[in-house]
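Here is a short walk through one structure. Keep the sequence and the model in view while you read.

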Amino acid sequence: MKPSLYLVGIALVALASLAPAAEPTYWQDVRPVLRKNCTACHNAKHVRDVDVSGGLALDSYDAVLKGGKEQVIRVGKSADSPLIKAVLIDDTEKRMPLAATPLTAETIDLLRRWIDGGAKEGTKPESDPSTIATSAPRPTRKLDVTLSTSAVPPKGALGPATPGKLELTLKAGPLAPVAAVVFSPDGKLLAAGSYGRVTVWDLATAKPVKVLTNVLGAVNDLRFSPDGTLLAVAGGQPSAKGDLRLYAVADWKLVASLGGHQDVVFSVSFSPDGKRLASASFDKTVRVWDVASRKTELTLTGHSDFVYAVAFSPDGKWLVSASKDRTVKLVDAATGKGRFTFSGMEQDVLAVAVSPDGKSVVSSGFESGLHWWNPQTGERVRVQGGHGVAVHEVCFSKDGSLVASAGGDQTVRLWQGKDGAPLRALAVGSVVYATAISPDAKRVASGSFDGLVRLWDAASGRLLLRLLSLPAGDDWLALTPEGYAASSPGVASAGRWTMGGQAMPAEAVWKVLGQPESVAKAVRGEALAAPTFGK
Amino acid sequence: MTHRPLLWTLGLAAAFVGAGALPAAEPVAEAPKAPLRSLTLLPPSIDFDGPRAEQHVVVIGEYADGRRWDLTREATFSSGAAKVATVDGLGVVRAAGDGDAAINVRAAGQAAVVLAKVRHATAEVPVSFVREVVPVLTKAGCNQGACHGAALGRGGFKLSLLGYDPAFDHKEIVQSAEGRRVVLSDPERSILLQKPALVMEHAGGERLPAHSAAYETLRRWLEDGAPEPEATAPAVTTLVVWPAKRVMVPGERQQLIVRATWGDGRAEDVTATARFDALNDGVASVTPAGLVTAKARGETSVMIRFGGQVAVAQVTLPYTRIDKYPDVPANNFIDEKLIAHWKDLGLTPSPLCADEEFFRRVHLDALGTLPGAAEVKAFLADKDPDKRKKAIDKVLDRPEFVDYWSLKWGDLLRIDRDALQEKGMWSFYNWVRAALRDNKPVDEFARDVITAEGSTFTDGPANYYRTANNPLDWSETTAQVFLGVRIQCARCHHHPFEKWSQDDYYGLSAFFVRLGTKSSQEFGIFGAETVVYLRPSGEQSQPRKGVVKPHPLDGPDMDDPFDRRRKLAEWLTARDNPFFARNIVNRFWGYTMGRGLVEPLDDMRATNPASNPELLDALAADFVAHKYDLKHLLRTVLNSRAYQLSSLKTEGNAADAANVQHTRYTVKRLTAEQLADALDFATGTREKYQGLPLGTRAIQLPDTKVRSFLLDTFGRPPRQITCECERTAQPNIAQALHLLNGDFLNKKIAAPTGRVEGLLKAKVPLTDVVEELYLVTLSRPPQPGETIKALDWIKKAPTEREGVEDLLWVLLNRSEFLFNH
């Protein structure tokens, strides 16, 4: 059945006034009509779904010329063009656009003149807001982002105010959530992705070494290649196109842009030899790419809804993918043939990970328990733990001893890698979208809805550091719980320190707390003494 | 639970109204020619508190001839202090800074002023999800049933139907699909904005044009960090529309303005975000902005919805202008109320019906039974001017009264052996019969049913709790039967056309939550007797909020340590209950008058107003004043002149094609049981109903499971759902075939114990035979021409018997027989 309930909005009235005296062209005149009336169903994304599109796409100039089973326009002959016939059918059950207000006479006349005039393409307008990468940051940010510290200056050190905990406030909100964090294989770098932005932090100094901004949409996942030479960035424009880019770590140059996904890429995974890359997308497919040739080797279409996560096995022979269709699929990486479908979940599966020994697959999602599967038999070994609400990401440490899960309950939880027994919870204080464990398994990173990256000590569960990367002026901040801070000059001048809601003299506070060396120590996991405020 | 198809269709229809078709050519109304007397501005004053406040102003001209005319679109507006408040060309005043501003209005050569007081115009108040965002989504149609408000959402994006669950919607928008829908750090990149603005493909088309006021509200909300609904977010408590009533002429337009008051006392103009739906597009249409265009003559309402509350604006287009209304006599207050409304509408009634029509009509409507031949003749011969009144009194005292109305109550209470077992069915049916025989006041009747307990075999009304079997169904049935309110929708979501929320729904079912049913030890094995009993504890929980206290619709929380239902029954039958008496009188009005004041009979709601609200109120008040006496109610209706009008149209009322205003009697097809009995009576036969003694009439059947092809074919209700719509008068081919071709009727006509046989055996003169056949079918003697024709036919027939049988067959297939007219 055709989706007859799809309404195609109001008002074609405005178009009448647009009818120009000049020859109509695709870009200037016809495309707006098609977008308003036709392309919700007739688009490249749905072209294979004949029930929706009838096999016809009308969302690009070439597609309009090409038509579907037959050509829909006969250039120069509007009367013979099926496109014109279709909008003129008397039978309201069949007339295009289906179940919607019919095109006005003016609009039909415009289409006719276009076809009769040679169906010219015209020139593409300068900027198309749906495909440009990050727009210039809006100059006015008005919400406060407040970061707490445990620093309490003694009475009188900062004036007469009653001593309390110092807080740093930046007019920078709302911040884009951090949806991806990953350590480099050597453990020296930490990459974090938010909307249109990847910030790579040097963990020796706790400073950003590179900010990548030429990515489309929200960065949903980041992965370093096993040899550490490439960084894969997954993103895209929701419901329009996927974006998958490879950057060379040596000079942060874009080395490849892997196009093809029709919706955002939500997860990526390198094969252990680094030769292949798997990408999972909301377009319901998983693609396996040959990294050297940048070609799609396999397109897996087994899922019937968004694919949220993908992971290669340690031997590279199979991969697993998790989907909104409530299943996890285990697929042969060479042939693309399915081996097992892990099912029995009642809600979306958001996360999946494979243990480094290849003997366990862990999945989780809206049903928040961690589901442990045996990849050899396809059987569920156990369901345990979880966050009570959604789990957005699951990862193993390199040695397999630790599992970390990122939860909607605003915590990261750590579990024993061998039996899934709970170890501890890290209280992030905001919905956690991403988590990663450093290669030495000593530190855990979290990325969360509040736009902050947090670094934790895995053994004690102690918060080491908060990292903040701001779109405006490439400002950044690293702040320890004790209050020690390192920052760009912009943050140092614009940040306001308060105590009990009262403004404190910023310069005096920065003098005590602005200590990049202490911040660097914190990253290494060293304990820091409380700051001392002179009289 | 059954979602009635009707409601769904209505929902979709309403959903499509928003899409708006291109207007057809409309009549242009002429403005009043009389001099303009004054300008009325609505609202009379403006009080803004907070940023982003706005108020639509409506300008109405009052003319010397009494007409009113909307001058809003031709008026010019200016602000006396633009720094305080601005006003645009459409009359929308917006807060700009604190202080007072005079808004000057000029129209048709006159001037008027409305004062705007503005406070906190520049305060930093984040956009409220409940107060500002949800209304925008609702207005744009995002959360309607045909789009993302569908049970499974659409395109992977689901919103609560018309925004009844803001917490869910917020999560769905901000968090679901891993937050893909919004980009708080760069709001205009959000697909929440890009799709409805058609920057990206959107199957629902353009819903929020880029940078429109609605779009900006969403953008601003995202910029504010997409704040969630506060846990204590107030709800809308009242919705007021101005003007609430207008008498208009075809082509005339009227802008409506809508004001919502929130639980925290804040009142604001919501014209821009309220949803407007015309209930009868043929009479008056309305734009999404609230501009009503009167079209054709008649009366209709515009439904206004905002924040789960509803209001209606009544639009009246008089059929004709009658300068001097004829003197129409009134028998009682019913006629007075009807005539008053007919005058407004320019309708005149049909004349009184003939005596024979009245006599047949009153027997069918009050007793379900045709009058006997001798009775008809006696009534026609009677010269008493009060004979109709006396006939009504007589009819109401006949034993068939109990039969006929027990049948009606049986439909309503769904008395049925499949649900109750045969013994339970009899016990309930006999209890209803006894109540009618004793003319038990309807309030007492309802109290007895609602507070029933005990054995279903011995305590008749306890069976009420077996037709349905859980607190939700009990409360739905109770609301439907005794309040005329269809509350089913609110089980899963806020009622789309009413103010009923899930709180109201579960609050009502909380009265029944402590009720249990169990099998009796004594009878359990053999008879499946059920005992309805009370448990000492138990609470009703609302799926989204947990435990709710019992409270009736629009009523306060109430509880009773012993039986909560007592409190419900008390509230229900209290003299000032707004639903109970209105529901009962509307039903019985509908049964006798052929059409309810509220139609459908059991769909009483604010958005389905009565065709004559004053009459409904008066009938209800009279019913209460007479202690809920059913016979009094029927007597009042039957004695009205309106009931006794001819069923034929006149020039003065033909325009009201559906006879909404009761300017004539509404013709009804005989109901299944009336027809079965009438056929038996006319043919002089007795249908044998299985399991019942010979002589039991169709109107005496205790339930609808007694096998009868005729009854089923003619729309006897299966008593499966509580809905007046179950009994249908829809024609179908089987009905025609059964009466025209079937040997069912032929056998009856030719029965050896039948009327024809009896008349022939007794050698009654043929003229008298013809007369009797007319009297027992059409309840009137034949006209001289008819007698001649009939005799001629009989004589030409092969045998006299065949001729007489043919005559009866013809009479039984005449519409005059099949209809109550």
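Chain B has a mean pLDDT of 90, and 96% of its residues reach 70 or more. One stretch stands apart from that. Over residues 1–24 of chain B the pLDDT is below 50. Beyond near neighbours in sequence, this stretch still has 26 contacts in the model. Where pLDDT is low, the predicted coordinates should not be read in detail. This is a predicted model, and its scores are ipTM 0.73 and pTM 0.75.

Start with chain A and its sheet. Four strands form an open sheet in the order β11-β12-β13-β14, with antiparallel pairing. Which strands of chain A stand at the edges? They are β11 (265–270) and β14 (295–300). Each has a single partner strand, so one side of each is left without a neighbour in the sheet. Neighbouring strands of this sheet are turned against each other by 20° on average, direction ignored.

Now look inside that sheet. Strand β12 (residues 276–281) of chain A runs antiparallel to strand β13 (residues 286–290) of chain A, and five bridges join them. To find the pairing on the model, go to A:Leu277, which stands opposite A:Trp289 in β13(A). Strands of a sheet pair through backbone hydrogen bonds, either parallel or antiparallel.

Move on along chain A to helix α9, residues 516–523. Which of its residues are buried? They are A:Ser518, A:Val519, A:Ala520, A:Ala522 and A:Val523. What do these residues pack against? Their partners are four strands of chain A: β29 (453–457), β30 (463–469), β31 (476–479) and β32 (485–487). Just after α9(A) comes A:Gly525, with a positive phi of about 95°.

Cross over to chain B. Here strand β18 (residues 291–294) pairs with β13 (residues 253–255) through three bridges, and the two run antiparallel. B:Arg253 has B:Thr293 as its bridge partner in β18(B). Strand β17 (residues 284–286) of chain B also runs antiparallel to β18(B), again joined by three bridges. In this pair, B:Ala284 stands opposite B:Ala294. β17(B) and β18(B) form a hairpin with four residues between them. In the turn, B:Gly290 has a positive phi of about 95°.

Next come two helices of chain B. They are α27 (residues 766–777) and α28 (residues 784–796). Their axes come within 10 Å and cross at roughly 115°. The crossing of α27(B) past α28(B) is right-handed. From α27(B), the contact takes B:Leu766, B:Thr767 and B:Val770. From α28(B), it takes B:Thr787, B:Ala790, B:Leu791 and B:Ile794.

Finish with one residue, B:Glu805, found in helix α29 (residues 800–812) of chain B. Is B:Glu805 buried or exposed? B:Glu805 counts as buried, because it has 21 C-beta neighbours inside 10 Å, and the cut-off for buried is 20 or more. Which residues does B:Glu805 touch, leaving aside its neighbours within four places in sequence? It is in contact with B:Ile749, B:Ala750 and B:Val756. Take B:Val756 from that list. B:Val756 and B:Glu805 are 49 residues apart in sequence, and 6.8 Å apart in space from C-alpha to C-alpha.

Notes:
Residues numbered from 1 in each chain as written. Chains lettered and ligands numbered in written order. Predicted model: local features only at pLDDT ≥ 70, side-chain atom pairs only at ≥ 80, totals over all residues. Axes fitted to C-alpha atoms, helices over the stretch in contact; angles between N-to-C directions. Left-handed = near helix turned anticlockwise from the far one by under 90°. Contact = placed C-beta atoms within 7 Å. pLDDT = per-residue confidence, 0-100. Buried ≥ 20, exposed ≤ 12 C-beta atoms within 10 Å, placed from the backbone. Pairing = 2+ DSSP bridges.
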